[in-house]
Structures are given as structure tokens and as C-alpha cells.
Amino acid sequence: MEKIDMALVKRLEDKAADIRKQLIDMTYAIGHAHLGGALSMCDITVALYYHFLNFNPMEPKAPDRDRLVLSKGHSGCLIYNIFADMGMYDKEELYNGYNRIGGKFGQHPNRKYIEGFEASTGSLGHGLSLAVGMAFAGRMDRAGWRVFCITGDGELNEGSNWEAIMLAAHHQFGNLVAIVDRNRIQGNGWTEDTVTLEPLADKWESFGWEVRVIEDGNDMQQVVAALAALPPSDPVKRRKPICLLANTIKGKGIAFMENEPKWHAGGLSKEKRDECHRLIDEARKVRG
Amino acid sequence: MAVTWDFAEMLSKESARDKFMLKLLELAATNKNIVYICADGAPVGSKQDEFRKLYPEQFLDVGIAEPNAIGIAAGLALSGKMPFVNAFGPFLSVRATDQIHTDMAYNDVPVRVIGTHGGLTSGGGPTHYTVCDYAIMRSIPNMTMVAPSDANQCAKLIEASLTYPGPMYIRVARGEEPLVYKDDYDYVIGKAITAKDGSDATIIGTGIGVYNGLVAAQQLAKEGIEVRVIDMHTIKPIDEEAIVKAARETGVIITVEDHNIVGGLGAAVAEVVLEAGIPCKFKRMGIPDVFAELGTPEELYAYYGYDGNGIIKQIKKMLG
């Protein structure tokens, strides 16, 4: 295994803490956001945008960029804050334009309003098909870019995902990586109490994918190790597409939200916002 | 260019399914952005199979998974490709509606969906009839909904679609259908064609409705009744001007479509006439909001009264 770049891990940990705080601030400012799933996928998404993706916020449609399709569109609020942090727009624009007439920032992202999004999503179970289409286009063009698709775990209830999973394995896309944000909670409760997903890794494997489990998808060191270990994207070479199955915690980083289905979405009072900030700062101090 | 049709020529039949594949085979030779996507629809020896062999990198068979086909097509279009998805109309227009709505239309990408087995042409019974595609597609923002009236027009449409913006649904029949036109006209998406002029009444048809309307109009002309026949091949955006003109000049409009009379061409025309405030006798002809009976298309058109004879009866009643 390659040596982990600990300076990178530290930088990304700090960035993830910042982004969590910005997400909390936005939620306080606008009154409501899908926090739980945004917090669970925060660490891996920060690692992607701030290091592993070939993505230039000043040129978000650069032809050679890596593509990231957010299948769990309700977590777009996390990426709204990442893009604001990257200087693609300012926070006032985000806060004033959230979920209101004339605004660009819906509860689910619209690619036509915000260039950094590859696709408008929101209806669950769509992202993997879109990503397969992009991988196919990349293969046609012999392009070096890679397609990532972040899906929720609850949305794997949707049959359309398995159509895409089956097809991607058949075509052996070497330029496609799926990331499952396995936070184990869907809208109303535990995934395993709703429709059993386990053994989830076996399911992907039996469909022809190479599954790499991230034991703790909220541990930046593990996240960095997994992303750094990905083989180079290859549009032509035929190999099993890769699924990063990231075990995460819904609401991660805010103790009173962690593993609480009711924090799938919600608003925050000023006191709660301050408490969130304190919790994030304390965790950062503990980490050192 | 003048539009001409000739009753004798209408006796020859051609398949729109063959024609659009021939056109795609021709276009794909030079347009390397074209991708043909089917759902278990390329049997050995077919034109689809020929496409696969000639242009393997521009071909994708997703198997029996229409929603996946649309999602993948949208992903391709988002990456600058020009995908044509071809499958059975019922499974595209109904099963894949979410993907058409969200991946294609909301993302506003130029995917062309070609739904075959339109209306009652499949012979497969209600699970295989396509009776609500016009209603669904025209109520989805950004969508263009087109139903060419013959195989040659379908080929013209495919070519025209290459430079037309946004998502599009194209409906064609299962098998061979009569040729309505000679090939001597310019085809414009969104611009209705007056296939026959007349001032006593107007038949506005789409798809096979144009042929059935012309059969009726030809017979009525022999009896001294001159009926205008408008080919409303584009249901959305609909040619309002042609409708308003027909209502004003003839005062009688009959719409003919191989589709549920709820929400389709008839509804679209009625909306235009009513909002224009023009007094006009009006009748929708099509499938009367039932899961249709079994039979050949011709038997069913006659059974539900939107074949030539049924249209003649209806017009005489309204002019009575």
C-alpha cells in the first residue's frame, strides 16, 4: 500500500470541518437543509473536490475535467457550500437564492443554474445511468477523464440503479467509479428495517463490479487511501468498474444528529447553530 | 416547395421503422456524435444489427431496460453526443417517463427518443399499445413531441432533428403504413402542413390520422364537400396559426389521432381554438378513453370510428 500523505489528510480534514460549518451556517440562514446525508458524504466529497478530481472552479466546463454525478441530489446543499468556498459564487447569492422564486439553489441541484453540477438530479436512482452514459462518451472520445457517481444507500432500492450496475459491468468501464454513501439510514429509518440491502458488497460484486470497502468513510485517512489507490482512469481498457462502498454515519460531526433519522433534513436555531460549531471545533481540536 | 400528395401513391406502404434506421445509417457515417441506443432491439439481419456492425462504437444495446436507456442517453448528451433511443413506445413513454422528465427534459439535453408501435399498431394488446405518449410528452416542459405522418416524413424529421434544440420524442407505427406525400417538400419541425385545402371543414390529423383524414377528404370531395386536411405532425410546439386559421375559415374542426382522446392532439387543438375565442364546431376522434380491444390497426380504427369511413360519417353529421 502506498504511503499516505498525512499533510494532505490534515489539509482535507480541516477543509471538511470548514465545509461542515459553512453548511450549518447556510442551514441557519435559510431555515432548512438536507443535513444528514450531506454530513455523511462530506469527507469523501471534500477529498474529491479539493484534491482528487480534476476540477477547476474557474473553468467548471473544461473538456478534460473529471465528472461527478450526484445521484443523491438532496445532498446538493453540501456541494453548494463547496462551490461557494471555491469562489464560484458568494454566500449571499447562495443564501438569498435558496429555494425561492428566481433563485438558483433548489433543494436539488439544477445544472443549468450552477455550472459545476454535471447533471440536474433529485429523483433518486438516476445518477448511475447518467454516469454510464458519460463513461460511454468518454470511451468514444478516448478521453482521459473519469466519471464518479455518488449514490445514497437508500436509493439503491430503486431498480433503475441495478439496470445501470449490470450494464456498466457488461461493458467493463475502466473510467467509472461509483461511491455509495452507506450511512444506513433512509428517509424514515434504518435501511435494513426498510428493505434489506445487506450483503451490499456481495450484491455489487455479484453484478460484476470490483468493490472496495472504506471501513470508515468519515475517516479522512481511509478516504484518501481509497481514492489514492484507484487505478488510473482508462477509457478503453476493459476492467471491472469500481464501487467504493463507504461506511459513513448520517449526520456525522454533529453528535445530536448522528444516526438520527429525523435529521435527514431540518432547520437550526441560533443556539443549535452555535452548538454545531462548538462540536465541529472540538472534534478538530481532538484530532489535532 | 409545393406540397403534393397523390391518392394513387397512398396505396404504396413503407415502414417508418426501416426509414429512420436507413437515415441513421446514412447520418452516422459522417456524424460521429450520433449514438444509437436500443433495448434488446437489434436482431441478426436487421438494420439495427447493420448499424451495430458498421458503427460498433456508436451503438449500445441496453437490454430490456428502457429507463436505463434514457438515463444513459442523457449522460451521453450531457457529454456532447447526439443519442437516438429506439424502443417500444409503451415502455418508453410510460415506463421511462421519470427519466424522460428528469434526465432528458429537466436537464434539457438533445436526446431523441423514437417510440415505435405507436397507437394501436402493435397488435399486442393494451400492454403494448402506446396511447398516452402525446398527452405525457406535451405536458413535460422543454419537450418536443412529433408524430410523422409517413415513413418518408420520418426520415426528413430525423435529419431535421440534428439541428433542433432540446429533447424530443418521435412516435412511429409498428409496421408499414401508407405513404402520404411525394418527397417534394421541405419539412420543418413545428410547422403544420396543409395536405389538402378546403373550406367546408378541417380535419387536423397526426400520424396515421393524416392518412385516414385524406381518405375521408378524397371521398367527400367526390360528393362536393371540400375538406381541408392539416398534418399536425408536431404536437408540441403546436402550430397555433394553422389551427386558428382553420377554425376561422372553415368553422368545423375534427381532430384524428391514434391515441386516447384525453390529453392528446384533440385536447391541444381545443385549447388553441377556445383561447382564440373562435366559435367552431369541434370533435375529437381517437381512442375513447378505454383500454382498447384486440385486432389489427385497421380493424380498430374502424371499430373506434377514426378510419376514413368513420371520419366521413362524423363530418356529414357536423355539416348536416
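The dialogue below reads a sheet, a domain contact and a chain contact in a predicted model.

Modeller: Because this is a predicted model, local features need pLDDT of at least 70 and side-chain atom pairs count only at pLDDT 80 or more, while totals for chains, interfaces and linings use all residues. Residues are numbered from 1 along each chain as its sequence is written, and chains are lettered from A and ligands numbered from 1 in the order in which they are written.

Biologist: In what order do the strands of the open sheet of chain B stand?

Modeller: Strands of a sheet pair through backbone hydrogen bonds, either parallel or antiparallel. Here strands are DSSP runs of E with at least two residues, helices are runs of H or I with at least four, both numbered from the N terminus, and two strands pair if DSSP finds at least two bridges between them. In chain B the seven strands follow the order E3-E2-E4-E5-E7-E6-E12, with mixed pairing. Strand E3 (59–61) and strand E12 (234–236) of chain B form the edges, each pairing on one side only, and from one strand to the next the twist averages 20 degrees, where axes are lines fitted to C-alpha atoms, for helices over the stretch in contact, and angles run from 0 to 180 degrees between N-to-C directions.

Biologist: How many bridges join E6 to E7 of chain B?

Modeller: Strand E6 (residues 144–146) and strand E7 (residues 168–171) of chain B run parallel and are joined by three bridges; B:Met145 stands opposite B:Tyr169 in E7(B).

Biologist: Which strands does helix H1 of chain B lie across?

Modeller: Helix H1 (residues 16–28) of chain B lies across strands E2 (34–38), E4 (82–88) and E5 (112–116) of that chain, and runs at about 145 degrees to E2(B).

Biologist: How should I read the domains of chain B?

Modeller: Domain bounds come from an automatic or database domain assignment, which gives domain 1 (14–178) and domain 2 (193–319) of chain B. Their centres, taken over C-alpha atoms, are separated by 26 Å. Residues are in contact if their C-beta atoms, placed from the backbone, lie within 7 Å, and this contact takes 26 residues from domain 1 and 27 residues from domain 2 of chain B.

Biologist: And how many residues of chain A are in contact with chain B?

Modeller: 20 residues of chain A are in contact with 23 residues of chain B. Helix H6 (127–140) and helix H7 (159–171) of chain A each supply at least two residues of that side of chain A, and the largest share, nine residues, comes from H6(A).

How values were computed. Contact = placed C-beta atoms within 7 Å.
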